[in-house]
Amino acid sequence: PKELSKLTLLTNLNLKENHLSGPIPPELGSLSSLTILDLSVNNLSGTIPASLGNLSKLEFLVLRNNSLSGTIPKSLFNLPSLTHLFASNNSLSGTIPSEIGKCISLEQIAIDTNLLSGTIPMEIGYLTNLTDLILFNNTLVGSIPSSLGNTSLRVLALNGNGLSGPIPREIGQLTHLKYFYLFSNNLTGPIPLEIGNCVALEEIDLFSNHLSGPIPSTLGQLKSLKWLHLRENSLSGEIPSSLGNCSSLMMLNLASNSLIGGIPTTFGLLAQLTILMLYQNQLSGSIPSELMNCKRLERVNMYNNELNGVIPGLGWSGSLVLLDLTNNSLVGPIPKELGNSRGIFRLRLGYNNLNGSIPPELGNISSLGLLDFSYNNLSGEIPTQLSQCGVLMQLFLDHNQLSGPIPSSFQYLTLLTRLD
């Protein structure tokens, strides 16, 4: 209610997570002692009152998760003490005012999941205390301001916009940056070498852009990096062996690029690696046996490459859930040791040049839901032990040289929906 405006000594107004509706009363701008205003997680609508720019002592303005609309008032950025501005998950529109650069106390800005348009103002670079800039899921366009290199960013989340142009080299000045999210934009040009200077980085997600050039070898300097997602770009050249120095790496996704050359043997040094996605590239050479040192691997996908040689036998991770090597030029037998990875749900080795028989040990994979060995040169009979895979739903063995009958025990595969 607007009558709250009479409480001129009020310093903290916290009305979050109620069922408040209607507009924010402009009269709240009279609460001259207010330092915290939290109206988050309500059903408030209408615009943000420009009168809130009169709250000269305000430090926290939290308006997230409402139905607010209209533009962000320029008056908010006259607040000398404002450190936190949270207005995520609304329907705010218009541009980010360039006046934001006047609000030099700002430390955290989160205005994601709105309808903001226009460019990111270069004046944000004046906010030298800024640690979090979260603007994802808007309709922002233009380039990423190089002036961001003047801030103290730990979190930069600009994903899900229409940003274009290159990633500025000045990103390398952000030595405290931990989370770097630019995915689902229209960025072009190379990944700057200077990114290797961001030694605090833990997560890099540049998925679904138009980035080109090589993967920088300087990424190998990031000892804290846990997540590297570069899928669906136009990256070329070889995978740098220096990535093996990223000893904290858990997820590596380089899929759907134009990478060539071999898979670095140094990947065997990545003891924490659980996800390795290299599919839809032009990688060649053999699958390095050193990968068997990655005992935490859960998902390995290398389909649609030009890999050759044999599939390594001993040492596949017991944690393996997915192994997809479809559409390569692999030869030799299917390793019987895969039967030791009893958690595999999807095992796809089709469209290769594998020969020999189907190992009966695969019947030990009790969680197997999909098995695809189609389009190879496999021979011999179908092992009856496969009927022990009680959750098997899809089995593809077509276009081989198999002989003998379909095992009668397959009648017990009651979940089977596809048999080719």
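The sheet to look at here is an open one of 5 strands, ordered β2-β4-β6-β8-β10 and paired in parallel. Strands are DSSP runs of E with at least two residues, helices are runs of H or I with at least four, and both are numbered from the N terminus; two strands pair if DSSP finds at least two bridges between them. This is a predicted model, where local features need pLDDT of at least 70, side-chain atom pairs count only at pLDDT 80 or more, and totals for chains, interfaces and linings use all residues. Residues are numbered from 1 along each chain as its sequence is written, and side-chain values use heavy atoms, with hydrogens and water left out.

- β2 runs parallel to β4 (residues 43–46), and 2 bridges join them.
- Across that pair, Gly 22 stands opposite Leu 44 in β4.

**Overall shape**
- The protein chain has 35 strands and 0 helices.
- Its radius of gyration is 28 Å, well over the 22 Å from the globule rule for 420 residues, so the chain is more spread out than a compact globule. That radius is taken over C-alpha atoms, and the rule is 2.2 Å times the number of residues to the power 0.38.
- Along the principal axes, the C-alpha atoms fill a box of roughly 90 × 45 × 30 Å.

**Burial, contacts and surface**
- Of the 420 residues in the protein chain, 52% are buried (under 20% relative accessible area, with exposed over 50% and partly exposed in between; 1.4 Å probe, protein chains only).
- Take the contacts (heavy atoms within 4.5 Å) between residues at least 6 apart in sequence: 45% of them join residues at least 24 apart.
- The protein chain exposes about 16900 Å², with carbon and sulfur atoms supplying 51% of that (Shrake-Rupley method, 1.4 Å probe).
- There are 21 positive and 27 negative side chains, and the centres of the two sets lie 6 Å apart. Lys and Arg count as positive, Asp and Glu as negative, and His and the chain ends are not counted; each charge is placed at NZ of Lys, CZ of Arg, CG of Asp or CD of Glu.

- Asn 65 isn't a glycine, yet its phi is about 55 degrees. Asn 65 lies in the loop between β5 (60–62) and β6 (67–70), and is partly exposed at 30% relative accessible area.
- Ser 184, also not a glycine, has a positive phi of about 60 degrees. Ser 184 is in the loop between β15 (179–181) and β16 (186–189), and is partly exposed at 29%.
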